[in-house]
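Please look through the sequence and the structure shown below before reading on. The report then takes up a few places in the chain, one after another.

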Amino acid sequence: MDPTSAPTDKLLSPARETPEDKGRQPEDGLALCLSGGGYRAMIFHVGVLWRLNEIGLLPDLKRISAVSGGSITAGVLAMNWSRLDWSPSRVAVNFDEAFVEPVRRMGRTAVDVRAVLTGILPFGDSVSDRVAAAYREHLFGDTSLQALPETPQFIFNSTNLESGVLLRFSKKYLGDYRVGRVMNPDIPLAVAVAASSAFPPVLSPCTLNLKGQAWVDDAGNDLTTPGFRDEIQVTDGGVYDNLGLETAWKRYASIIVSDAGGQLADDDDPDTDPLRQTARVLNLIDNQVRSLRKRQVVESFKSGQRSGVYIGIRSRVEKYPGAVLTADPARTDELAGLKTRLAPLSDAQQDRLINWGYVICDAGLRSHMPHSVKQPAKTALPYANQPLT
């Protein structure tokens with residue numbers, strides 16, 4: 001089936017379409033979706049992007065849609081995109097300096113505990129404000145969404161607690177299909193990433209002060225009063241779309257999904273106190289929604305509605321027929337089991353996470369997008385001193 005003539009997928013209801021997407025068929029082009037998962041996801045996605053860069057596929061990306069931990073990775077790439085030095089073979093030769101190292105430095109930085117402890121003090125900044133301040137200090141400075149590239153288009157997804165739907169940040173607009181759009185928002189990148197990664201219940205909500213902004217009214221907007229526009233309470237984008245899928249899926253015919261999300265652990269004696277019980281319930285909901293979306297994505301690839309590949313931190317190399325690099329499931333399951341935190345990861349953990357993202361990305365591309373990998377098989381990992389076997 002031609003993916004451009006296939007019916008709009010059943011992942012997303014037409015009522016949830018923004019004016020940009022409404023009624024359109026997916027166009028030719030490649031999009032990348034980066035899931036949430038705290039620092040675990042942030043670093044795993046580096047390995048995926050490393051391999052995409054190495055094969056010259058990065059410049060082909062039309063859109064990068066991210067949530068939560070994936071938004072940190074995407075934010076660093078977006079801010080430094082104009083610094084990338086492209087070779088004739090379309091490989092960024094300074095990829096490590098411009099992208100990998102800043103992300104890795106962030107991965108050594110404690111954010112969540114410090115933000116919670118200082119954010120709960122009276123008369124001080126909120127927890128989410130503290131998270132945004134950490135991103136500003138260690139990564140983004142005063143970079144605005146307006147400083148990001150036109151192509152690829154970077155989208156940072158959050159969940160609007162007031163309207164109950166996705167709220168997206170991009171250079172082009174800040175938007176929610178129920179509330180409306182603010183065109184060309186001059187909002188700090190640190191704030192957009194903090195809104196996308198406001199993990200509930202402790203790092204959420206994030207309050208967006210949008211008083212004085214010029215809103216565009218679109219057909220279908222039903223929440224246009226100042227109460228829904230002046231200040232907006234948002235939470236982690238993964239609450240609504242934990243794969244960062246929605247803003248890419250209906251726009252492009254080819255999709256790469258990088259999923260570093262967690263998995264609900266078995267527990268024969270779950271906690272009953274309100275905070276920890278709530279955390280487990282949220283993890284259960286996230287796990288179920290992620291599983292449903294994953295199955296729908298994979299089935300869409302199989303049926304020909306979309307082309308592309310799903311690669312997950314819990315995937316098995318042996319299930320990819322084109323794989324040439326190997327990884328021991330015991331080693332990779334250990335990495336997948338790292339907690340969803342904004343807490344420091346050791347250099348060895350980061351090395352292995354990057355290696356694992358690299359290996360499973362290579363396996364997925366060789367198996368399901370073989371036309372994209374023209375080089376001979378490789379055996380070297382980004383960090384050879386941390387093998388996965």
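## The annotated active site

In this predicted model, Asp236 is found in strand 9. Asp236 counts as buried, because its relative accessibility is 5% and the word applies to anything under 20%. Leaving out residues up to four places away in sequence, Asp236 touches Ser68, Ser158, Thr159, Ala195, Ser196, Ser197, Ala198, Phe199 and Pro200.

According to UniProt, in an unreviewed entry, the feature "active site" is placed at Ser68 and Asp236. These two positions span 169 residues in sequence, yet their C-alpha atoms are not more than 6.0 Å apart, so they gather at one spot. Ser68 lies in the loop between strand 2 (61-67) and helix 2 (69-80), and with a relative accessible area of 3% Ser68 is buried. When neighbours within four places in sequence are left aside, the residues in contact with Ser68 are Gly36, Gly37, Ser196, Ser197, Phe199 and Asp236.

## A buried residue in a loop

Where does Asn242 lie in the chain? Asn242 belongs to the loop between strand 9 (231-236) and helix 8 (246-249), and with a relative accessible area of 2% this residue is buried.

Not counting residues up to four places away in sequence, Asn242 touches Ser35, Gly36, Val67, Gly237, Asp286, Val289, Arg290 and Arg293. Gly36 is among the contacts listed for Asn242, and Gly36 is also among those listed for Ser68. A further distance concerns Gly261, which is 19 residues away from Asn242 in sequence and 7.9 Å away in space, taken from C-alpha to C-alpha.

## The second largest pocket

The second largest pocket holds about 660 Å³ of space, and the elements that give two or more residues to its lining are helix 9 (274-303) and strand 11 (307-312). Helix 9 provides the largest share of this lining, namely eight residues.

In total, 24 residues line the second largest pocket, and those that lie nearest its centre are Lys294, Val298, Tyr310, Ser315 and Tyr320. Sorted by class, the lining of this pocket consists of six nonpolar, nine polar and nine charged residues.

## Pairs of aromatic rings

How many aromatic pairs does the structure hold? There are six aromatic pairs in the structure. In one of them, the rings of Trp50 and Tyr383 have their centres 5.6 Å apart and their planes at 75°, so the pair is edge-to-face, a term used for planes over 60 degrees apart. This pair links distant parts of the chain, since Trp50 is in helix 1 (residues 38-54) while Tyr383 is in the segment after helix 11 (347-368), and the two are 333 residues apart. Trp50 is buried, with a relative accessible area of 16%, and Tyr383 is buried as well, with a relative accessible area of 15%.

The rings of Tyr135 and Phe140 form another pair, with their centres 6.4 Å apart and their planes at 70°, so this pair is edge-to-face too. Both Tyr135 and Phe140 are buried. Elsewhere, ring pairs link Trp81, Trp86 and Phe154 into a cluster.

Terms used. Residues are numbered from 1 along each chain as its sequence is written. This is a predicted model: local features need pLDDT of at least 70, side-chain atom pairs count only at pLDDT 80 or more; totals for chains, interfaces and linings use all residues. Side-chain values use heavy atoms; hydrogens and water are left out. Helices (H or I, at least four residues) and strands (E, at least two) are DSSP runs, numbered from the N terminus. Buried means under 20% relative accessible area, exposed over 50%, partly exposed in between (1.4 Å probe, protein chains only). Contact means heavy atoms within 4.5 Å. On a 1 Å grid over the protein atoms alone, a cavity is a set of points where a 1.4 Å probe fits but cannot get out, and a pocket is an open set with protein on both sides within 12 Å along at least five of seven lines; lining residues have an atom within 4 Å of a point. Grid points are joined across faces, edges and corners, and a volume is the space filled by probe spheres set on the points. Ala, Val, Leu, Ile, Met, Phe, Trp, Tyr, Cys and Pro count as nonpolar, Asp, Glu, Lys and Arg as charged, and the others, Gly among them, as polar. UniProt positions are given in the numbering used here, feature names are shortened, and annotations may be inferred rather than shown by experiment. Rings of Phe, Tyr and Trp (its six-membered ring) pair if their centres lie within 6.5 Å; planes under 30 degrees apart count as stacked, over 60 as edge-to-face and the rest as tilted.
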